[in-house]
Amino acid sequence: MPWIVGVSGASGTPYAAAVLRALLEAGEAVDLVVSRASRLTLLDETGISFRDAHWQDDLREWLARGADGKPGTFAVDVGGVRYWNAGDLAAGPSSGSYPAKGMLIVPASTACVAGVALGLSKDLLQRVASVTLKERRTLVVSVRETPLNGQTLRHLVALDDAGATVVPASPAFYAGATHIQDLVDFVAGRVLDAAGVGHGLYRRWRGELGGGAAGK
């Protein structure tokens, strides 16, 4: 059964790329939903146009880039990915009978958070999130926004109450980051931790002070 990864229009496409690479490296099948707004963000942050007719080539180019934008940083096989158009409300994952382990929304915009919390299902991404909640499957929402207003905070509490795990895109520094990719990988790793997917994206805390500085 696949993990469904939803990419919304929030800034932070490197977070999504890191999660997708780690899932594929772990041997997980992935169903991918890229919102219309996220295509604009991806174009702005990477220069890549994500096209339905050429999604495999565009996804491969995207996942090969490092967080610093350098192309060809990673070697990626996207054979384990199935892509669904965000406007296709008849897609497989729109139904609770479609087998899936759960869903990871990374990054999650405040508009996406609101739509899921209110059950709007205005596109496939939101619909799949609603299905994930009603089927009591794992839903991880990595919100990327600052500052957060009261309305968004209430929506996040509603998602928590509904059974989702909220993982803010907030990098930590105890892991000894020396590169922007390290900070991105920390957030991606915490998303995968919440989903119970094994990875080696960051150095875990072991109760030893100075461990982060020791690697520099």
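**A chat about helices, rings and buried residues**

User: Hi! Which residues is histidine 155 in contact with, leaving aside its neighbours within four places in sequence?

Analyst: Histidine 155 is in contact with Val113, Ala114, Ala117 and Leu118, once those sequence neighbours are set aside. Contact here means heavy atoms within 4.5 Å.

User: What kind of model is this, and how are residues numbered?

Analyst: This is a predicted model, where local features need pLDDT of at least 70 and side-chain atom pairs count only at pLDDT 80 or more, while totals for chains, interfaces and linings use all residues. Residues are numbered from 1 along each chain as its sequence is written, and side-chain values use heavy atoms, with hydrogens and water left out.

User: Thanks! Where is histidine 155 placed, and is it buried or exposed?

Analyst: Histidine 155 sits in helix α6, residues 150-162. Helices are DSSP runs of H or I with at least four residues, strands are runs of E with at least two, and both are numbered from the N terminus. With 13% relative accessibility, histidine 155 counts as buried. Buried means under 20% relative accessible area, exposed means over 50%, and partly exposed lies in between, using a 1.4 Å probe and protein chains only.

User: New topic: how many residues of α5 are buried?

Analyst: Nine of the 11 residues in helix α5 (residues 124-134) are buried, so α5 is largely enclosed by the rest of the structure. Among them are Leu124, Val128 and Ser130.

User: What does serine 130 contact, leaving aside neighbours within four places in sequence?

Analyst: Serine 130 is in contact with Gly119 and Ser121 when those neighbours are left out. Serine 130 has 16% relative accessibility and counts as buried.

User: And what's at the start of α5?

Analyst: There, a side-chain oxygen of aspartate 123 reaches to within 3.3 Å of the backbone nitrogen of leucine 125. As for what follows α5, that is arginine 136, whose phi is positive, near 60°.

User: How do the axes of α1 and α3 cross?

Analyst: The axes of helix α1 (residues 13-25) and helix α3 (residues 55-64) come within 9 Å and cross at roughly 100°. The axes are lines fitted to C-alpha atoms, for helices over the stretch in contact, and angles run from 0 to 180 degrees between N-to-C directions. The two helices α1 and α3 are therefore roughly perpendicular to each other. Angles of 65 to 115 degrees count as roughly perpendicular, under 35 as roughly parallel, over 145 as roughly antiparallel, and the rest as oblique.

User: Which residues meet there?

Analyst: From α1, Thr13, Ala16, Ala17, Leu20, Arg21 and Leu24 meet Leu59, Trp62 and Leu63 of α3.

User: Which elements do the buried residues of α3 pack against?

Analyst: They pack against β1 (3-7), α1, β2 (30-34), α2 (36-46) and β3 (81-85).

User: Last one: how is the aromatic pair of tyrosine 174 and tryptophan 205 arranged?

Analyst: By the ring rule, there are six aromatic pairs. Tyrosine 174 and tryptophan 205 form an edge-to-face pair, at 6.0 Å centre to centre with 75° between the planes. Rings of Phe, Tyr and Trp (its six-membered ring) pair if their centres lie within 6.5 Å; planes under 30 degrees apart count as stacked, over 60 as edge-to-face and the rest as tilted. Tyrosine 174 is partly exposed at 33% relative accessible area, and tryptophan 205 is partly exposed at 46% relative accessibility. Ring pairs also link Tyr174, Phe186, Tyr202 and Trp205 into a cluster.

Technical notes. A polar contact is a pair of N or O atoms within 3.5 Å; within protein, one must be able to donate a hydrogen and the other to accept it, and residues adjacent in sequence count only if both atoms are side-chain atoms.
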